Amino acid sequence: MDNKLDDDLVSYDVYELDLRSLEKQVKSLGITSLIIWGVGANGKEAYRLLTNIGVEVDYYVDIKGAHNHRSFKKRKVLSVEEFKKEYNNEYILVTPSIHFEILDWLENNNIPKEKVITAFYTTEKIHIDFGTRLHNTHSDDIEYAQVRPENPAATFTSIVYNTPEHMFRRAIEGTLRQSRRDYMYVIIINGATDDSLAIANEYAKLDARIVVIDLDRNYRWTEPKLLNTIKDNIYGDYWCQLDSDDYYVNTFLEETLKLGYENEADIVCARTCLFFDDKNFNSFYDSSNFDFHDRYYFNVAHPYCHIYGHDNIMTALAKSYICTTFWGKLYSKEVFNAFLEDILAMPNEERDLYYRLDIAWTYHILNISERIYNSDKVLHYASQRATNSTFTLAPIEWLMSLCLAYKNIKREMYLYYKKQKAHKYYKKFIKIHLLFMINRKIDLLSAKAHPLSDMIIENLKMLFDDEVVKSICSRQTGTNKAKYKKFLNDMESTINEYDLEV
């Protein structure tokens, strides 16, 4: 499937499920039952279609079946090895978008080709840049700007702390290769102890649009020093955050600015491709410690509409139609400054506890926005690695970010919608994001030792007493059942132990 262009760049086609094609195939073959390979989003969509047209799903097959993921959509999930033993000439629908290795495996294990169904259409060709060629020196094929633009349209900002050199250079060079050139690039060295400052200064000497700011120590996202540094260095109408280990395609600014100006959008959301930084990772044969097993994962695409007005923004967030991460977006300077002023005005404790995770940032800025444009195009690439803060840092504070977003979503839903619809939307929000937080292996029992334990316990009580949370946890099956049960038990133990001590 992968077509290696050189030692550093991988190219492949993006395949997405074509439900109309699937329906035609199943009906033309007269199929009444089949097996589905894949318990991801495509497997879920396929199941919905098949049940609607009266086709029975016998069971699922997935590599997760070997890791105690034993049920999906009330059907059993078999591991690959179990499937080999149980298969009896049934039709099998292959749903993962990264599916060629699966097709090869089926052929090598003598599964008849005429029994294998795929229903995909190619949407676009994606090139993944791993950046491993970028060590020790800059690229000489970039058109470096010798003067700063008189009226920059936008600002990119990267906050850098000990990012691997090749990733940092990839982020910088991806920015400098933008097809639209009237922008500034602010690089904030956030107390880095590696060569980040020297690398940033190297590019600053080459390109006049780069501004390098060296902070005296490492500041958290919630600290006023960092927030004010960002706020005081925004040029133009729009602002964009770029993590120093990610990168944007060279048309990102051109395309998002065009959409922003044409639609008078406060935010333009681009689609993001998450990928493992190890290009040799094989999702079919290798296991993973992350929450997803695909080699590449694309944030929500194909929204019901492209423009969201204010009344619909919270609904779209609750349904995850708007990507709930802070990156991959172009923000208007006006809205982003208003957001910064809001959180800078908060008490330090409240800001530090609730705003560690980008979901709280995203919720807040969405709530003060009037118009958002959601683009289908993949314009942002985010690399995942075991040392990412996503998997290592501040788990209690991350849960508190979820609590804050949840409380506000719930309030907004009941403000704008009737009770039944509001309940549906905030239930959907919790269902999506509760699992996200549970998978972070949060040590709730450590909450009582936290400096802000009173605020944490108050939020844990809110979650524990919420009937929606309890309902979602109690209905879990398979692998998730134990995770949710432990989460509830740990919350109850933490609350009770804290109350006794108080």
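A salt bridge is counted where a side-chain nitrogen of Lys or Arg lies within 4 Å of a carboxyl oxygen of Asp or Glu. The model is a predicted one, in which local features need pLDDT of at least 70 and side-chain atom pairs count only at pLDDT 80 or more, while totals for chains, interfaces and linings use all residues. Residues are numbered from 1 along each chain as its sequence is written, and side-chain values use heavy atoms, with hydrogens and water left out.

Side chains of opposite charge can pair when their charged atoms come close. Here the side chains of Glu165 and Arg169 form a salt bridge, at 2.8 Å from N to O. Both residues belong to helix 5 (residues 165-176), where they are four residues apart, about one turn of the helix. Over the whole structure, a search finds 24 salt bridges. Helices (H or I, at least four residues) and strands (E, at least two) are DSSP runs, numbered from the N terminus.

Turning to the strands, two of them pair if DSSP finds at least two bridges between them. Six strands make up an open sheet with mixed pairing, in the order 5-6-4-3-7-8, and its edge strands, strand 5 (71-72) and strand 8 (116-117), each pair on one side only. Within the sheet, strand 3 (residues 33-37) and strand 7 (residues 92-94) pair in the parallel sense over three bridges, and Trp37 stands opposite Val94 in strand 7.

Two packed helices are described by the angle between their axes and the distance between the axes. Axes are lines fitted to C-alpha atoms, for helices over the stretch in contact, and angles run from 0 to 180 degrees between N-to-C directions; contact means heavy atoms within 4.5 Å. How do helix 7 and helix 10 cross? The axes of helix 7 (residues 224-231) and helix 10 (residues 333-344) come within 11 Å and cross at roughly 160°, which means that helix 7 is roughly antiparallel to helix 10 (angles under 35 degrees count as roughly parallel, over 145 as roughly antiparallel, 65 to 115 as roughly perpendicular and the rest as oblique). Residues of helix 7 including Leu227 and Ile230 meet residues of helix 10, among them Phe336 and Leu340.

Helix 1 (residues 19-29) packs against helix 2 at an angle of about 45°, with the axes 11 Å apart, and therefore helix 1 is oblique to helix 2.
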